[in-house]
Amino acid sequence: MGDTIASLRIGESGIIEDFSLDVIPLCLLEMGCLPGKEVSLIQIAPLKDPLYIKVNGSHLAIRKEMADLINITKL
Amino acid sequence: MKNNAVLNVALVGNPNTGKTSLFNQLTGLKQKVGNYPGITVDKKHGKCKISDELTAEIVDLPGTYSINPQTLDETIVLETLLNTNNESYPDAVIVVAEVENLKRNLLLFSQIKDLQIPTILAINMSDQMERKGIDIDIAALKTALKTEIVLISSRKNKGIDILKNELANYKNWNTETLANISTKIDAKYFKELETTFLENSLYKSWLLITQQEYCLFLTEEQNNKINAFKTDIEKIKKYQHKETIFRYQRINEILKTTYKIDKSKATDLRSKLDSVLTHKIWGYVIFAVVLLLIFQSIFEWASFPMDLIDSVFANLSELAKTNLPEGVFTNLIAEGIIPGIGGVLIFIPQIAILFLFISLLEETGYMSRVVFLMDKIMRKFGMSGKSIIPLISGTACAIPAIMASRNISNWKERLITILVVPFTTCSARLPVYAILIALIIPSKRVFGIFNLQGLTLMALYLLGFTAAICSAILLNNILKVKSKSFFIIEMPNYKVPSIKNVFYEVVEKTKAFILGAGKIILALSIVLWFLASNGTSAYKNAEKYVPTLEENSNLDTEALQKKIASYKLENSYIGTMGKFIEPVIEPLGYDWKIGIALISSFAAREVFVGALATIYSVESEGEDVGTIKERMGAEINTKTGLKRFNFATGMSLLLFYAFAMQCIGTLAIVKRETKSWKWPILQLSGMGALAYIAAFIAYNILK
C-alpha cells in the first residue's frame, strides 16, 4: 500500500512491483533490481541516506530519492 | 620464435571479480599501460605466451556491469568490442565472472556472447565454492550457455593453464547467440532492424542504435542510416528495459538447474563488519583513524627516502662540477639536469605510499563503505560520496584524482569535485611546504608528543580541505547546471587484499606519474637553467663591468666573484623576468628571486624548490653547493638586512602555494574532462586571486 524501498526498516524486505521506466535508470535494472525480485534493507547510512540494500543477489547502495520511486509489497 | 602468431584477447568482467588479478597472472611483469587513442583512459595490456606458436596480446578492459556504458571508462568496452577497425579488436573474449554472484555476471556475458565474437567464461574465486556452499553443474551450464567454461582462482593461480589451453583452441568455440532478443520483445521491429543492417549481427545493430552517441567510430554514412532508423526514442528505451528483464529471465532459467547454493553455509562476516564499519559513530571514528594513519605514514615513512634522494642529488651535482671539465655542458648537467631529475624522483616515496593505501582500501572493499558513509555529508557541499576517492587521491596528485571522478554519474557533482580537487595538498606542494616550514618553524615539541613542524604541515592539509569544501559550497550555490542524478554503488564483499595486485597498482600509478609529470619538471628545469645562465648584454659584460664599480674596488677575488655572479643572475633572462614582476609581488614580501621561482613554478609547483636551488647555485658559482635548505636559510633581504625567508614571508609563501593553481598538467586534464576552457580558466583565476589575497593579508599582519 504505497510502500517503497525507502519505507523499509532495517532487516525488512519486500517484492519489487512494476516501476515506471522513465525514472529508473537502465543500470539499476542491469544490477539486478527487477520487478518481482525480493529486496531487503541491510543498513541505512548514519544521516538516513543512502540505503544499503540487497536485491537479486547484489549488494547495492542507492540514494533515498531513488529508493522512494521503487514501489514494493512488504513481506 | 619467429612468425609467432599474435592473438588479441580482451578481458571483460564486472568490477570486483578479480579480473585484474587474472590479468596480472596472465601477463606478469610484461604488462604495459598506454592510452586509448583520443582519451585518457588507461589501457592495460600485456603479452602472454599461450604455446610455442601462439602469443596472446591481452587487454584488460575497464570493469563494467553491462556493455551499455555509464562512464567514460566503460565506453572503452563498447568501443573495443564494436569497432572492428580498433587495434585491440579481440579475436577472443574472456568474460571473468565471480562465483558468488554469477547471475549478475552472466548478464554481461550474455550481451557479449550475442555479439558473436568467440567468447569464453572464466568463473573466478572457484576455490571458495565449497566454503560458501555453492555447487555448479559445469557440464550442464556449458550446454545451456553454449560456451566453454573454465573454473579459475586467479589469486591462487589455479586454472590459469587450462584457460590458456582453451584459448589456443578459440577458433572452435561456439559463437551462437545466447538470448535471442528479437522474438521476445517485438519480432517485427527487430526483423526490420536485422534486414536494414545486414552487415552486422542483430545485437550489434541494436547496440549501435541504442548507444550511437558513444560509438565515435561510426562514419557519417553509418550515422545517417542509424538516425533514419531511430525514429521512436521512447520505444527504444522501453525495449532496452525489456531486453534486460528478458536476459535475466533466461539466466534465471539456466541457473535454476545448474547452480545451487546452500544458504546455511553463508557466513555473516560481511554483515558483522558492515555493522561496525558503517556504524553511525564507529564508522566515522574508524574512517578518521584510517585517514590519520595514511597521512602519518606518508610523512614518517617517506621522510627518510626523500632526504636520501635530496642529498644524493646534491652530492651528484657537486661531483659533476668537480670532476667534469669546466664548460657549458658540465653546467647543464650539474645545474640543470641533475637537480631536475632529483626534483622528479623526490616524489616517488610519497606517491607510492599514498597509492599503496588507496589501493589497499579499494582492494579490501572498504572504500565503498566510506562512499556510503560520506555521501549525505558530501551532498551538502554539492558533491557525492564518490568524491571522497578523488579528494583522497588528490593528496598524491590532482591529475589521477580528476580522472577518478569519472565514476560520479551526476554531472554537477562531478564538475564541483573536479573544480575543488586542486585545493587538496598534493605531493607537489610538499617539498615547497617542507622547505619553508623547516626554515620558519622551529622544530620543537608541543604537548609532549607533537612536533610543531608536523602540526604546521597538518594545519596546511586541513587548510587545503577546508578551501576545497568552502569553494564547493560556493560553487554549489552559484553553478546552474541541470543534471539527472542517480547514485548506485556496489557494496562488494570484504576481501583480504592481494599483495600482487596492490604491488602492480602502486608500480603502475607511480610510473605513470613520474613519466607524465616528470617530463614537464625535467624540461622546465633545463629551460630554467638556460634562462638563468644566459642574458642580455649586461649579463655578458658582467666580468668586465662589475670590477670597475667603485663600491667593489676593495674586494678580494672571492668576494668579487660573488658580486659578479649575482650581477649576472640579476641580468639573466630569468632575472629580468623576476625583476619585471617584482612590483606585483613585493606587497606579498617577495623579491625578484622568489619572483623567478614563482614564474617557473607556474607550470608545476614543485619547481619552486628546484628553481631556488638553481638560482642560488648559479649565484654561488664555484663554492660548495650545499643543500637547498642551507642556501635558502643564508639568503638575506637586501632592504631590511634580515633573513629573506623570515616568518612573514614564509607564511605568505605557504598560503600562496596552498591556494594557487600552479599546475599545467591539472589545467590540461580539467580542460579534457570538462571539454571546455571555461572551467580551467575559472580555476586558474579564482585560485590565483585567493592565493594573492591570502598571502597579502598574512604578510602584512605578520611583518
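Visitor: What share of the 703 residues in chain B is buried?

Guide: Buried residues make up 54% of them. Buried means under 20% relative accessible area, exposed means over 50%, and partly exposed lies in between, with a 1.4 Å probe and protein chains only. This is a predicted model: local features need pLDDT of at least 70, side-chain atom pairs count only at pLDDT 80 or more, and totals for chains, interfaces and linings use all residues. Residues are numbered from 1 along each chain as its sequence is written, chains are lettered from A and ligands numbered from 1 in the order in which they are written, and side-chain values use heavy atoms, with hydrogens and water left out.

Visitor: Why is B:Gln240 called buried?

Guide: Its relative accessibility is 12%. The cut-off is under 20%, so B:Gln240 counts as buried.

Visitor: Which residues is B:Gln240 in contact with, leaving aside neighbours within four places in sequence?

Guide: They are A:Leu26, B:Asn68, B:Trp206, B:Thr210 and B:Gln211. Contact means heavy atoms within 4.5 Å. B:Gln240 lies in helix α10 of chain B. Helices (H or I, at least four residues) and strands (E, at least two) are DSSP runs, numbered from the N terminus.

Visitor: How many residues of chain B are in contact with chain A?

Guide: 44 residues of chain B touch 33 residues of chain A. Together the two chains bury about 3,300 Å², 60% of it on carbon and sulfur atoms. That area is the accessible area (1.4 Å probe) that two parts lose on being put together, summed over both. In chain B, B:His241, B:Phe372 and B:Ile488 lose the most area to chain A, together 22% of what that side buries.

Visitor: What makes A:Asp49 and B:Arg379 a salt bridge?

Guide: Their side chains meet at 2.7 Å, N to O. The rule asks for a side-chain nitrogen of Lys or Arg within 4 Å of a carboxyl oxygen of Asp or Glu. Across the interface of chain B and chain A the rule finds three salt bridges.

Visitor: Which elements give two or more residues to the side of chain B that touches chain A?

Guide: They are α3 (102-114), α10 (233-258), α11 (269-277), α15 (366-380) and β12 (488-490) of chain B. The largest share, nine residues, comes from α10(B).

Visitor: How do you know that strand β4 of chain A pairs with β12(B)?

Guide: Three bridges join β4 (residues 58-62) of chain A to β12(B). Two strands pair if DSSP finds at least two bridges between them, so these strands pair. They run antiparallel. In β12(B), B:Glu490 is the bridge partner of A:Leu60.
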